[in-house]
Amino acid sequence: LPEVSCSISMQSCVNVHPTVLFNIVDSVIRKAPGSPDRVIGTLLGADREGVVEVQNSFPVSHREAESMIALDTEFHKEMVALSHQVSSKEVVVGWYSTGAIFPLELASMVNDFYAGSARQPVYLNVDTNLTGGNMSIKAYILGLDKTSEEKKVVITEIPCHIHANAEERRAVNALVQTLPHDGQAPSPAQPSNLEAFEVALRKMVNMIDVCQEYVAHVLDGSQPADDKIGHLLMHALNSVPTIDVAAFEKSFDTKVQELLMTVYLANLAKAQLALAEKLQTF
């Protein structure tokens, strides 16, 4: 184990992508009958100057006793090799476990194995038991306490955040829409282009309302101004292209007419193909 201080570690924070959480929960649901209650797996991603990006994961079968644990190291190596063929930039950055946090003695054994692949392995604990009614996600660093003469194994919690890019946010929103809400039936997993456009417009209008409310509160003195928010609002306004309203309406009407003509021609071609197919059957 690397030597670390009780309060300072080489890793500053951990960003976990939604795909990793889906993989972990899926591994819990699909675990074989008779297997250990907790699931252990490998975390893949990138270490960017102390900020660990956890982008993928896979479970690793294991057997554990009171003071011993055995991992399927061959399966781990095969999966890492296959992962490198798909994405050579993803490397081993740590490991995870589900349920309650691992006993320190067993956790140090698992961490020793992953220390051969990562500079300083991150231990991610996902509470799939839903203790307290929610699924807590915490990240830790294990090491030897260099401030102690006995150099005991210590575990230090580091900041952990759920990080999603634009594509992942859209995928998560699509999945959330399939869930039933207030006893209503779930909506289709793939909304039409018009429905997606409507949802995007509603979100944009809501965000504009929030910005207007914030500006109004700042102007009347009921809320202090924030320079960071001001710079963000200025950047958003400057990114909007300056265009004449009449010219925009004319351009928009033209595009709509072109789109309607394309839809009409597509439906006409579809009808002609269907008619030709019917004629060939006689």
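Student: How much of the protein chain is buried?
Tutor: In this predicted model, buried residues account for 26% of the 282 residues in the protein chain.

Student: And how many helices and strands are there?
Tutor: The secondary structure of the protein chain comes to seven helices and 11 strands.

Student: Ok, let's take helix α1. Which of its residues are buried?
Tutor: The buried residues of α1 are Pro-18, Val-20, Leu-21, Ile-24 and Ser-27.

Student: What span should α1 have, and what does the model give?
Tutor: Helix α1 runs over residues 18-29, and at 1.5 Å a residue its 12 residues should span 16 Å, while the C-alpha atoms at its ends are 17 Å apart, which agrees.

Student: New topic: His-76. Where is it, and is it buried or exposed?
Tutor: His-76 lies in helix α2, which covers residues 73-86. Its relative accessibility is 3%, and because the cut-off for buried is under 20%, His-76 counts as buried.

Student: What does the side chain of His-76 make a polar contact with?
Tutor: The partner is the side chain of Thr-42, at 2.9 Å. Leaving aside residues up to four places away in sequence, His-76 touches Thr-42, Phe-58, Val-60, Val-92, Phe-113, Tyr-114 and Ser-117.

Student: Now α6: how many of its residues are buried?
Tutor: Of the 12 residues of α6, the number buried is zero, so this helix lies largely in the open. Helix α6 takes in residues 227-238 and reaches 16 Å from its first C-alpha to its last, close to the 16 Å expected.

Student: What happens at the start of α6?
Tutor: There, a side-chain oxygen of Asp-226 comes to within 2.9 Å of the backbone nitrogen of Lys-228.

Student: Last one, the second largest pocket: how much space lies in it, and which elements line it?
Tutor: About 350 Å³ of space lies in the second largest pocket, and the elements that give two or more residues to its lining are α5 (193-219) and α6. The most comes from α5, with six residues.

Student: What classes of residue are in that lining?
Tutor: The lining of the second largest pocket has 11 nonpolar residues, one polar and no charged ones, and its residues include Met-204, Cys-211, Gln-212, Leu-232 and Val-240.

Technical notes
Residues numbered from 1 in each chain as written. Predicted model: local features only at pLDDT ≥ 70, side-chain atom pairs only at ≥ 80, totals over all residues. Heavy atoms only, no water. Helix = DSSP H or I, 4+ residues; strand = E, 2+ residues; numbered from the N terminus. Expected span 1.5 Å × (residues − 1). Buried < 20%, exposed > 50% of the residue type's maximum accessible area, 1.4 Å probe, protein only. Polar contact = N/O pair within 3.5 Å; in protein donor to acceptor, adjacent residues only side chain to side chain. Contact = heavy atoms within 4.5 Å. 1 Å grid on protein atoms, 1.4 Å probe; cavity = no way out; pocket = protein on both sides within 12 Å on 5 of 7 lines; lining within 4 Å. Points joined across faces, edges and corners; volume = space filled by probe spheres on them. Nonpolar A, V, L, I, M, F, W, Y, C, P; charged D, E, K, R; others polar.
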